[in-house]
Amino acid sequence: MAAVKLKAVRKVYSNGHVGVDSASFDIADGELLVLVGPSGCGKSTLLRLIAGLEEATGGSIHIGDVDVTSLEPRDRDIAMVFQSYALYPHMTVRENLGFGLKLRGHSEAEVAERVKDAADRLELESMLDRLPKQLSGGQRQRVALGRALVRHPKVFLLDEPLSNLDAKLRSAMRTEIARLHRSLQTTMVYVTHDQVEAMTLGQRIVVLDRGIVQQIDTPMNIYERPVNLFVAGFLGNPAMNFFRGSLNSGGTVLSGEGAELAVPPGLPAGKSIVVGIRPEDLQRVDGASPPNNIRLSVLVDLIETVGNESFIHASAGAWRIIVRSSPYHLPPLGSTITLQVMPERLHFFDAESTQRIAVTS
Ligand code: ADP
């Protein structure tokens with residue numbers, strides 16, 4: 001077990017592309033940290049830099065007390081799990097699990113004991129004599145995890161390990177990985193583009209965009225206080241609603257194209273801003289509503305129902321809005337409904353810099 005420290009880590013590929021720019025953060029000993037962002041944002045590059053599979057162009061990486069920046073992968077005491085399971089097809093599960101240990105010169109007894117422990121933890125005992133082709137995708141991924149486990153590494157690095165699995169299996173394996181982490185208490189860095197995996201697995205999340213770290217915090221802190229428009233729009237499904245417009249001279253009304261929204265005091269009067277409201281923070285007005293709540297009339301144009309909930313798609317002028325709603329008593333298409341939101345649930349962003357605006361009232 002060990003903490004990991006990244007200081008101003010930078011990777012410029014030989015074609016001049018900046019894969020990761022000045023990434024600095026610490027991963028605590030025993031922490032499960034998730035690197036998340038859209039495809040191509042530099043997540044795998046960052047993980048491969050920690051693993052030593054890519055050479056950093058600048059900065060330093062420490063694992064425990066050791067500066068590993070220029071060490072070979074095999075000398076970093078890490079184990080990696082990839083999306084492609086990369087199992088040896090002609091070896092049984094037992095052989096796949098033990099092979100790396102044998103190569104490193106561990107005794108047969110030691111190998112057998114570690115393989116047994118990993119098989120117990122991952123419920124692979126009954127499959128030890130099977131070949132990979134005789135396993136399901138989920139079982140193969142468990143073997144890949146087991147192969148990392150037997151190494152007793154200081155740090156686990158997981159690169160989109162569940163992407164090849166179907167949705168149901170993915171959520172089952174997600175739970176298994178969370179349980180495994182809880183029982184092992186080993187430092188884990190987990191790369192995914194899937195925001196649900198990031199939110200549910202990560203003790204903290206690092207959100208990346210175009211090679212740059214945008215925000216590092218606990219999942220709920222990021223969800224509740226995204227630092228910029230990118231993070232606000234990336235986490236949450238359906239995504240946060242954005243209302244672009246200009247504030248009036250009193251700073252109390254946001255005017256968009258063909259619609260207006262009252263806003264609480266404390267915003268920069270006259271400025272172009274973006275107001276963000278999550279779909280679950282908008283409710284239909286049903287009779288009286290608390291006096292402080294902000295109201296907005298919208299035109300309903302589409303409803304999606306997914307069984308336990310519905311998404312009402314609507315518009316107010318040029319603003320597009322999605323409301324998370326109960327699937328019962330839905331409004332008719334083409335009707336105008338009034339929505340309300342508690343003022344403290346609004347997010348504000350500078351339209352130009354895209355950064356969050358702290359309200360000064
Ligand atoms: P992610 O894992 O977030 O999808 P990657 O870390 O794989 O993204 O890649 C980050 C960016 O660096 C991408 O734009 C990708 O095209 C680029 N990239 C990755 N590997 C190389 C390479 N060997 N040479 C040049 N560019 C690369």
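Modeller: What follows is a talk about the strands, the ligand, a salt bridge and some backbone details.

Colleague: Before we start, what kind of model is this?

Modeller: This is a predicted model, in which local features need pLDDT of at least 70 and side-chain atom pairs count only at pLDDT 80 or more, while totals for chains, interfaces and linings use all residues. Residues are numbered from 1 along each chain as its sequence is written, and side-chain values use heavy atoms, with hydrogens and water left out.

Colleague: Does UniProt say anything, or rather, what feature does UniProt place at residues 4–235?

Modeller: The UniProt entry, which is unreviewed, places the feature "domain: ABC transporter" there; UniProt positions are given in the numbering used here, feature names are shortened, and annotations may be inferred rather than shown by experiment. In the model, the span of residues 4–235 is 36% helix and 25% strand, and its end C-alpha atoms lie 25 Å apart. Helices (H or I, at least four residues) and strands (E, at least two) are DSSP runs, numbered from the N terminus.

Colleague: Okay, sheets then. What is the order of the strands in the open sheet of four?

Modeller: The order is β2-β1-β4-β5, with antiparallel pairing, where two strands pair if DSSP finds at least two bridges between them. β2 and β5 (66–67) stand at the edges, each with a single partner strand, so one side of each has no neighbour in the sheet.

Colleague: How many bridges join β1 to β2?

Modeller: Six bridges join β1 to β2, which covers residues 18–27, and V9 has A23 in β2 as its bridge partner.

Colleague: Switching to the ligand, which residues surround it?

Modeller: The ligand is surrounded by Y13, N15, H17, P38, S39, G40, C41, G42, K43, S44 and T45, where a residue counts as near if one of its heavy atoms lies within 4 Å. By class, this shell has three nonpolar, seven polar and one charged residues; Ala, Val, Leu, Ile, Met, Phe, Trp, Tyr, Cys and Pro count as nonpolar, Asp, Glu, Lys and Arg as charged, and the others, Gly among them, as polar.

Colleague: How far is an oxygen atom of the ligand from the polar side-chain atom of T45?

Modeller: That distance is 2.5 Å, and an N or O atom in the side chain of S44 is 2.7 Å from an oxygen atom of the ligand. For G42, a polar backbone atom is 3.0 Å from a ligand oxygen. The protein covers 63% of the 570 Å² of accessible area that the ligand has on its own, with areas from the Shrake-Rupley method and a 1.4 Å probe.

Colleague: How many salt bridges does a search of the whole structure find?

Modeller: The search finds 18 salt bridges, each being a side-chain nitrogen of Lys or Arg within 4 Å of a carboxyl oxygen of Asp or Glu. One of them joins K11 and E54, whose closest N and O atoms are 3.7 Å apart. K11 lies in β1 and E54 in the loop between α1 (43–51) and β4, so the pair ties together parts that are 43 residues apart in sequence.

Colleague: Last topic, which residues does the cis peptide bond join?

Modeller: The cis bond joins N237 and P238, with omega about -5°, and P238 lies in the loop between α8 (229–234) and β11. H152 is also worth a look, as H152 has a positive phi of about 50° although it is not a glycine. Most residues other than glycine have a negative phi, and most peptide bonds are trans.

Terms used
Polar contact = N/O pair within 3.5 Å; in protein donor to acceptor, adjacent residues only side chain to side chain.
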